[in-house]
Amino acid sequence: MVATIQVDNLEIVGRRGRGAELPIVRNVSFSVARGEMLALIGESGSGKTTVALSLLGHIRSGCRISGGTIRVAGYEVTALTAQERRSMRGRVISYVAQNAGSAFNPALAIMRQVVEPALVHHILPRRDLEARAIALFRALALPEPETIGERYPGELSGGQLQRLMAAMALMTDPEVVVFDEPTTALDVTTQIEVLAAFKSVLAERGVTGVYVTHDLSVVAQIADHAIVLKDGAVREAGTVSKILFQPQDLYSQALLAAAEPCSRQSEGVEAPEQQSVLDVRDLVVGYGRSTSAGLPEKVIVNHVSFSVPKGGMLGVIGESGCGKSTLARAISGLQPWSAGELLLNGVALSGNVTDRAPEQRRRLQLVAQNADSVLNPSKTIGNTLERAVRFYSGLRGEAAARRVSELLEMVQLSPALATRLPSELSGGQKQRINFARALAADPQIVLCDEITAALDTVVAAAILDLMKELQRDLGLAFIFITHDLHALQSICERVAVLYAGQVVEVGPAAALGEGFHHPYTRLLHDSVPLMEPGWLEETRLRRLAETMPATLPNPSSADAGLCCFLTRCPDRVAGLCDRIAPPVRSVVHGPRVLCHLPASIRPEFSS
Amino acid sequence: MAKRKQGAGDLNRHLPALIGRRIFAAATSLAFVIVTVFAITNILPGDATDALLGQGATPQAIAAMRHDLGLDRSVFLRFWLWLWGVLHGQFGYSLLNGLPVADAIRPRLHNSLLLAGASAAVAVPVSLFLGITSAIWKDTLYDRAVSVLTLGMVSVPEFVIGTMAVYVFAVRLHVLPALADVASVHSIGQFLRAFFMPVASLALVTLAQMVRMTRAAMADTLSAPYIEMALLKGVGPARLILVHAIPNAIGPIVNAVALSLSSLLGGVVVIEVVFTYPGIAGLMVDAVSSRDVPTVQACALVFCLTYLLLTTFADIVTILSLPRGRKA
């Protein structure tokens, strides 16, 4: 049988600016049989997207194919003219981009864009295409399939756009679909729905696929075969089960080890002191004019309370839009709050960072998500750190330089890096510099906002190790804000689960998988894909079995102070959850949960 | 879902508010301009009596004349009288010949608008074409040539270009008249002969900025992920530019064009003087040298108003061209 995709000895070179041409893809060969899904696994810079795009005959500017052949569904892609390439793209092979939010044209309605590939290839008249698109929207479980096409990209959520993009890719009934990290930008609870929708539609149509990803648990769910790429070369190829369970190559093994959920909690460490370093009490943060009650028009963080013990590590988890970042901005004094208070060592902090005492500012430091936007690109690392050292400790000259070397060693970087510019460092190194800058203040507590989100798995794992070491060696306390449950569980002692601006649960991080939890915590925990083939189907079946209770008579939960998870909750009780605000309940040695259920647990109404 | 729909409703409510706020800002600027124009023309030393009566005038003659012209009244009273007139389209009477300023301005304004309009009609299409094509063929020889030429143009002041043109075409080659004799234009040939040099000089200096801004806006759009996506859907080059790129670049482009056109106003003043063109700028320059305050005030107001209209228009287009669901 002839393979649908056949790539032989592919070589792609590229240049940066006026530099010499460097190889980006080296001698890559693979084939995909009809109806199968191949996963291209690799970290950023591995050339996986370059290979995927080359299947459509698209090479980004500055790069070119310097050798090898690509055959897709009978076309020799490497030998096509521009005209032929255009006629093939979107019709024979289509593409689902990583970030549907930016891959949809913001100025055009969704329907116009979805029917476009079929329209430019004159497959059917527009009216028939629109009917076909609506059928696809329905198959991909999109809400309001009849009218969703009239909306504009800015009006839809990330998960919806990603599914709409899949619909667009399938409009022409292509033989091959290339997926480029289509779920990376999504929340886990959304990812599972999108993956299931993709999988069933692809299987139904017998589409051959290429799936680019760095997430091995997703590979386990969706692909038949996989190849592991590093620095543009194939390190290992084989069936998914072979690569995931018996990896031969050292690099594949390292990737797997980093993806494996592991605990960094050291057994021997004494329990952190119970005295708290930071207390958040009933914090309300929002935007817009304040109402008569003194609360903002649009509440983002809704009466949030938690505390961080000295030397402890608290994780804050929640999906995008739950108020994580607003909370981080409020704690760091960049976004004033409307109600509640924030105590550092028992002393109230101002909501405005400029009103905080220098000593208070020194003790509470922020490490931001994107090191690139924090480090001044025209200043050397040494300059940046020395400035922070001078500002906080007043050291100068020789002493300051010594302190900079010390800081670099603390984050496990060579002091020689002090002479480099940020652009000469890797993503992981920049994030360490970001840490060193915070450590220059000799803080008591460090607020980390999604610091591993932009990093590759292996690099992120090393940063988590670093955090744990800093906690042990310097007695630092951390607030780790993240959407990655595995990362959180591996380093944090306690976790606060944030949903729609409310803390729905606070408890020990280790026990998230067992015992009683808030229904949202359970949903979150169960949505993180496991590296087991078949997990997706099982979870989906289990979800379907949990039939949702009868719809509630239009509860306006926000106004009445009712449960914020009411509309999505599988366990809600009519007549209780839609009428009475949920109490705080706590389990002995377990979490405190904002929920009515189960009634057997002792409620603890917080006054 | 209901929440998102409400978001779209918010947008429909916000849009008139945004535009209303912008118009209010323009009105405020206009009020400020009116006060400033009056204040500045009154701070200037000397008045029309000096210019009319000459240096040998007796104090009695000056006092009598000041009384006749109303210059001996208090500044505030004069301001209110002037403002009242302005609001009724009445800019007062020229201190030189006693004729209504509005009557003197009308034909001159017409001529200036003709000159500015003709220049814009040449400059806008040419610069859109050059800007869009050089963004499409970015970093090619063509792009670099356009970029060097436009940069060269923007660095030469308009009076140099105008004077050079007069020297070459009128003085040396004798192919075009040195003066723009608008009164004797009766045919298209005469129109072209009279307008060629002033229009070309004006267009050249405004072109550069528009080309560069258009290129930047277009290049920015062309590097967006949705353009690559359209390419991967098999969309052809013409459709790519017209359907996918231009609707997203049009806001910044129109903004750049309107701002450049407002800088055309400054160019008009210089060019009218160089070619002794009978426009409003020439009138204003004459009025300044003869201290004809009501005429100066009226001309200054007309210039400021045109400038305000253009920039307000640019901002409103930008607001309208924001994609749905992205409006703040």
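**A tour by selection**

In this predicted model, begin by selecting strand 4 of chain A and strand 5 (residues 75-76) of chain A, which run antiparallel and are joined by two bridges. Within this pair, Val72(A) is placed opposite Tyr75(A) of strand 5 of chain A. Next, select Ala73(A): the hairpin formed by strand 4 of chain A and strand 5 of chain A has two residues between the strands, and Ala73(A) adopts a positive phi near 50°.

Proceed to helix 4 (residues 110-120) of chain A and helix 6 (residues 158-170) of chain A, whose axes cross at roughly 35° and come within 7 Å. Which residues meet in helix 4 of chain A and helix 6 of chain A? From helix 4 of chain A, select Ile110(A), Gln113(A), Val114(A) and Pro117(A); their counterparts in helix 6 of chain A are Leu164(A), Ala167(A) and Met168(A). This contact comprises six nonpolar residues, one polar residue and no charged residue.

Finally, display both chains and turn to their contact, to which chain A contributes 25 residues and chain B 22 residues. On the side of chain B that touches chain A, helix 1 (2-43), helix 9 (225-232) and helix 10 (237-274) of chain B each supply at least two residues. Helix 9 of chain B gives the most to this side, with five residues. Coloured by residue class, this side of chain B shows eleven nonpolar, six polar and five charged residues.

How values were computed:
Residues numbered from 1 in each chain as written. Chains lettered and ligands numbered in written order. Predicted model: local features only at pLDDT ≥ 70, side-chain atom pairs only at ≥ 80, totals over all residues. Contact = placed C-beta atoms within 7 Å. Helix = DSSP H or I, 4+ residues; strand = E, 2+ residues; numbered from the N terminus. Nonpolar A, V, L, I, M, F, W, Y, C, P; charged D, E, K, R; others polar. Pairing = 2+ DSSP bridges. Axes fitted to C-alpha atoms, helices over the stretch in contact; angles between N-to-C directions.
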